[in-house]
Amino acid sequence: QSAIFNFQSLLTVILLLICTCAYIRALAPSLLDKNKTGLLGIFWKCARIGERKSPWVACCCVIMAFSILFLHNSSINIFSAITPEL
């Protein structure tokens with residue numbers, strides 16, 4: 001299943017995009033500020049969302065991490081690597 005058809009994966013990709021763009025803009029603002037319109041303007045808009053709504057984005061990231069680690073049914077079992085097959 002791709003991230004487009006799985007809602008939880010789509011939300012994860014969007015959150016990662018917002019956090020990554022905000023981080024890149026904090027390190028090198030000129031990279032995103034020169035492309036405020038057009039297709040590359042999406043990255044500038046994601047950076048602005050990450051900057052202005054950072055407490056909400058951080059809260060969503062924590063909730064998503066908890067959901068992926070503890071509630072997701074098809075998550076990887078971390079103990080399968082250390083326990084032998086019977």
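Predicted model: local features only at pLDDT ≥ 70, side-chain atom pairs only at ≥ 80, totals over all residues.
View 1. Residues are numbered from 1 along each chain as its sequence is written, and side-chain values use heavy atoms, with hydrogens and water left out. You will find four helices here and zero strands; helices (H or I, at least four residues) and strands (E, at least two) are DSSP runs, numbered from the N terminus. Of the 86 residues in the protein, 17% are buried, where buried means under 20% relative accessible area, exposed means over 50%, and partly exposed lies in between (1.4 Å probe, protein chains only). The accessible surface comes to about 7000 Å², and 71% of that surface belongs to carbon and sulfur atoms; such areas come from the Shrake-Rupley method with a 1.4 Å probe, and for residues only the protein chains shown count as cover. Take the contacts (heavy atoms within 4.5 Å) between residues at least 6 apart in sequence: 52% of them join residues at least 24 apart.

**View 2. R25 meets D33 in a salt bridge.** A salt bridge is a side-chain nitrogen of Lys or Arg within 4 Å of a carboxyl oxygen of Asp or Glu, and the structure holds three of them. Between R25 and D33, the closest N and O atoms are 2.9 Å apart. Is R25 buried or exposed? With a relative accessible area of 17%, R25 is buried, while D33, at 26%, is partly exposed.

**View 3. R25 also joins E51 in a salt bridge.** Here the N to O distance is 2.7 Å. This pair links distant parts of the chain, as R25 sits in helix α1 (residues 7-27) and E51 in helix α3 (residues 41-52), 26 residues apart. E51 is partly exposed, with a relative accessible area of 31%.

View 4. R48 is partly exposed, its relative accessible area being 23%. Which residues make up the network of salt bridges? Look for R25, D33, R48 and E51, which are linked together in it.

**View 5. One aromatic pair is found in the structure.** The ring centres of F66 and F70 are 5.1 Å apart and their planes stand at 50°, so the pair is tilted. Rings of Phe, Tyr and Trp (its six-membered ring) pair if their centres lie within 6.5 Å; planes under 30 degrees apart count as stacked, over 60 as edge-to-face and the rest as tilted. F66 and F70 are four residues apart in helix α4 (residues 54-71), so about one helical turn separates them. F66 is partly exposed, with a relative accessible area of 46%, whereas F70 is exposed, at 59%.

**View 6. Residues 54-71 carry a UniProt feature.** The unreviewed UniProt entry places "transmembrane region" here; UniProt positions are given in the numbering used here, feature names are shortened, and annotations may be inferred rather than shown by experiment. The span is 100% helix and 0% strand, and its end C-alpha atoms lie 24 Å apart.
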